[in-house]
Each structure stands twice: as structure tokens, then as C-alpha cells.
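Here is a briefing on one protein model. Keep the sequence and the 3D view open while you read.

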Amino acid sequence: MQIVFYVSGHGFGHASRAIELVRALLTRQPHARVVVRTAAPQRLFGTIGVTHAQAIDVQAVEADTGIVQVDSLRLDEEDTVRQAARFYATFDRRVAGEADLLRRERADVVIGDMPPLAFAAASSAGVPSVAVGNFTWDWIYGGYPAFDRQAPDVIPQIRRAYSTATRALRLPLHGGFEPMAAVTRDIPFIARRSARDPADTRRALGLDGDRPIVLPSFGAYGADLPMERLRHSDRFTMIEPVQDPPHGLLYQDLVAAADVVVSKPGYGIVSECIANDTALLYTSRGRFVEYDVFVEAMPRVLRCRYIPQEDLLAGRWADAVEALLAQPPPPERPRVDGADVAADTIMNLVIG
């Protein structure tokens with residue numbers, strides 16, 4: 001079986017859940033080959049494991065433009081519009097090129113999380129396609145009036161591309177999906193779960209004592225945090241924020257080892273906190289329509305608390321950490337087996 005998977009290069013969340021889905025697909029089809037088309041760092045896919053590594057070919061391509069970030073907490077709306085306008089000005093040529101690639105690869109199915117290019121190319125090549133994600137880019141971009149003023153054709157182009165998807169698997173904490181409403185099915189969270197005992201991870205990191213363990217997590221774009229002040233807190237112990245964990249550990253191991261993750265609310269880190277039963281201290285992230293959806297829904301499924309950016313960036317975390325840990329557990333325990341559900345759905349579509 002030949003699978004071509006288009007993954008948004010915006011942040012790490014799309015790639016992290018794509019890895020879980022690829023692993024589930026290869027468990028069901030060990031002889032399948034997966035071509036991943038993405039601008040996300042290739043090293044992220046190294047966590048797939050040696051069992052499946054030979055089956056994956058990660059190819060660098062600009063599959064979409066996402067949101068232009070200044071850092072994890074600030075975005076550039078004007079440049080977001082400019083980059084999207086640039087990309088979609090040549091969208092038909094890009095679609096033709098990707099459709100040719102799908103024919104050469106003899107793709108049996110195309111998966112997209114969630115570049116519109118994936119579905120338009122699959123439709124052109126006559127290949128079934130499956131959208132997997134928690135939001136669509138037309139919904140995200142609809143929150144920026146500058147698209148209507150400066151790039152009025154972009155959102156309609158995106159919607160036309162999405163409307164060609166064969167299936168859409170919609171994750172929790174979602175928004176958009178109107179162009180795919182007729183083929184959309186809700187599935188549980190796709191999330192990375194640690195297989196290690198958190199106590200073992202803490203020992204491996206040299207963490208001991210009774211103070212709460214806190215992990216700052218600001219992903220691909222970082223944040224300007226007062227690291228020295230945080231390292232010397234006498235009320236919590238900080239796990240050094242890294243994109244690549246120490247040898248032998250995965251990022252979800254760090255999440256599971258922490259009592260509290262400090263971050264902005266995005267699908268990747270929120271789903272991993274849920275899967276690993278770790279509390280989340282979150283701050284605002286600029287004008288991003290997904291934020292309001294998360295803030296409304298998170299308290300039902302995750303122990304979480306807001307910290308103003310002013311306190312976050314000044315390192316005034318201790319009171320908020322302690323208050324968060326004093327909160328009761330969330331009322332719901334959502335399923336986190338979405339990768340298995342999605343893989344079974346895709347296999348049924350392709351094989352029947």
C-alpha cells in the first residue's frame with residue numbers, strides 16, 4: 001500500500017499527531033510505504049521508531065503557509081495574509097505538480113492534516129483522500145479581516161479544495177469543516193502517551209524532592225522567558241525546556257513526568273496533557289480563533305488554569321502553579337485512541 005501524507009508545517013502539533021497516525025497505519029499494514037510531504041522538521045519523524053523508520057520517506061515541501069508567528073505568543077496577521085496570498089496565487093500549478101507526484105507514487109490514499117493542497121491534488125489524480133485534524137484553514141483565516149481586504153480569493157480557494165475530500169475525521173476541540181460537512185466523522189483525541197513510569201523519567205533527569213515539577217513548553221517558536229529566575233525558584237522545580245529531549249526520552253515522557261506544563265493552548269500540548277494526566281497552566285496566544293474554542297472546552301477534560309502573559313514573562317508562576325494543583329480533576333476523561341480509530345477508518349476506505 002502506498003500512502004501519501006501531507007502535514008502542515010505550522011508548529012509541531014500537526015506533525016506530532018501525524019506520527020501517531022502513521023505508526024497506527026504501519027501496525028496494520030507493515031509493508032505499506034508512507035511518503036510524508038511537509039515543511040515540518042524532518043527530525044520530528046525520527047520518533048516513529050526503528051520498526052517503522054524504513055517505511056517512511058519524509059520529503060520537504062511547502063504544503064501550506066499556516067500562521068506567521070513572531071514567537072509562540074505573538075503572530076503577524078499582515079504577513080500571514082501576504083504569505084497565503086503568495087501561495088494560493090500559484091495554487092493550480094502546485095495542485096498539478098502534486099497530482100503528478102501522486103500518480104508517479106501510485107498512491108492508494110492521500111491523508112491531509114490539514115493542507116488544502118492534499119485534497120485538491122488527490123481529486124485531480126483520482127485518489128481517495130482523508131482529512132484528519134481539529135480545524136480547517138478557512139475557519140482560521142476567517143478570523144482576520146485583512147483576508148477580505150488584501151486576499152479575497154484565498155478563503156474561497158481553500159474551501160473548494162476541502163470540498164473535494166473523500167472523508168474527514170474531525171478531532172475534538174474543533175472548528176470549521178463546513179466544506180466537508182457531508183463526509184465528516186468525529187473521532188477521539190490523537191495524542192502521544194508516555195510508556196515510561198514518570199518516576200523513572202524524573203530520575204533520568206536528575207529531579208528529586210517534593211516541589212512540583214514544571215515543564216515550560218512553547219514548541220517550535222519559543223517564548224522570551226526569564227530562565228534564570230525560573231531555575232532558581234524555591235517553590236517548584238523546572239524541567240529545562242527543550243525541543244529534543246535527552247537520549248532515550250521522548251517529549252511525551254517529559255510531559256508525563258511533570259506535574260504542570262506551562263504553555264499556550266494548542267492541540268498538540270493540550271492533547272498530550274490529557275493523555276498523560278498532567279495539569280496545564282496556559283496563557284493567551286494572540287488573535288487565533290482556535291484559542292476561544294480551547295478555553296471554553298478545556299476545563300471539562302483537563303485540569304487547567306490561566307496565567308496572564310505579564311506574569312508568565314516575569315516568571316511569577318509559583319502562586320498559579322500551586323493554585324492549579326489544588327484544583328479538582330476535570331469531570332470528563334476523554335478517549336485518546338483516535339490514531340487507532342483513524343487508521344481503521346482509512347484502512348476500510350482503501351481495502352474495504
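Phe177 sits in the loop that links S8 and S9. This is a predicted model. Phe177 is not a glycine, yet its phi is positive, at about 75°. Its relative accessible area is 2%, so Phe177 is buried.

- Most residues other than glycine have a negative phi, and most peptide bonds are trans.
- Leu173 also goes against the phi rule: its phi is positive, about 60°, although Leu173 is not a glycine.
- Leu173 belongs to strand S8.
- Leu173 has a relative accessibility of 10%, under the 20% cut-off, so it counts as buried.
- Asp277 comes after H12 and has a positive phi, near 55°.
- A cis peptide bond runs from Asp113 to Met114, with omega near -20°.
- Met114 is in the loop between S6 and helix H5, which spans 116-125.

**The sheet**

- Strands of a sheet pair through backbone hydrogen bonds, either parallel or antiparallel.
- Here, seven strands form an open sheet in the order S3-S2-S1-S6-S7-S8-S9, and the pairing is parallel.
- Strand S3 (56-60) and strand S9 (184-186) are the edges, and each pairs on one side only.
- From one strand to the next, the twist averages 20°.
- Strand S8, residues 167-175, pairs with S9 in the parallel sense, over three bridges.
- Across that pairing, Leu169 stands opposite Arg185 in S9.

**Strand S1 and its neighbours**

- How many of the six residues of strand S1 are buried? Five are, so strand S1 (residues 2-7) is largely enclosed by the rest of the structure.
- S1 runs parallel to strand S2 (residues 33-38), and six bridges join the two.
- Tyr6 stands opposite Arg37 of S2.
- S1 also runs parallel to strand S6 (residues 109-113), joined to it by five bridges.
- Phe5 faces Ile111 of S6 as its opposite residue.
- S1, H1 and S2 together make a β-α-β unit, and the unit is right-handed.

**The cavity**

- How many cavities of 30 Å³ or more does a search of the whole structure find? The search finds one.
- The largest cavity holds about 40 Å³ of space.
- Two elements give two or more residues to its lining: helix H1 (13-28) and helix H12 (267-275).
- The lining of the largest cavity includes Gly13, Ser16, Arg17 and Glu20.
- Tyr267, Gly268, Ser271 and Glu272 are also among the lining residues.
- Ile190, Ala191 and Arg192 line the largest cavity too.
- An α-helix has 3.6 residues a turn, so residues three or four places apart point the same way.
- By class, the lining of the largest cavity has four charged, four polar and three nonpolar residues.

**Helix H12**

- Is H12 mostly covered or mostly uncovered? H12 is mostly covered, with nine of its nine residues buried.
- The buried residues of H12 include Ile269, Val270, Cys273, Ile274 and Ala275.

- Which residue lies 32 residues from Pro41 in sequence and 8.0 Å from it in space? That residue is Gly9, with the distance taken C-alpha to C-alpha.
- Pro41 is in the loop between S2 and helix H2, which covers 50-53.
- Pro41 has a relative accessibility of 30%, between the 20% and 50% cut-offs, so it counts as partly exposed.
- Ala339 and Val22 are 317 residues apart in sequence, but 8.3 Å apart in space, C-alpha to C-alpha.
- Ala339 belongs to helix H16, residues 338-351.
- Ala339 is buried, because its relative accessible area of 12% is under 20%.

Methods. Residues are numbered from 1 along each chain as its sequence is written. This is a predicted model: local features need pLDDT of at least 70, side-chain atom pairs count only at pLDDT 80 or more; totals for chains, interfaces and linings use all residues. Side-chain values use heavy atoms; hydrogens and water are left out. On a 1 Å grid over the protein atoms alone, a cavity is a set of points where a 1.4 Å probe fits but cannot get out, and a pocket is an open set with protein on both sides within 12 Å along at least five of seven lines; lining residues have an atom within 4 Å of a point. Grid points are joined across faces, edges and corners, and a volume is the space filled by probe spheres set on the points. Helices (H or I, at least four residues) and strands (E, at least two) are DSSP runs, numbered from the N terminus. Ala, Val, Leu, Ile, Met, Phe, Trp, Tyr, Cys and Pro count as nonpolar, Asp, Glu, Lys and Arg as charged, and the others, Gly among them, as polar. Buried means under 20% relative accessible area, exposed over 50%, partly exposed in between (1.4 Å probe, protein chains only). Two strands pair if DSSP finds at least two bridges between them. A crossover is right-handed if, with the strands pointing away from the viewer, the path from the first strand over the helix to the second runs clockwise. Axes are lines fitted to C-alpha atoms, for helices over the stretch in contact, and angles run from 0 to 180 degrees between N-to-C directions.
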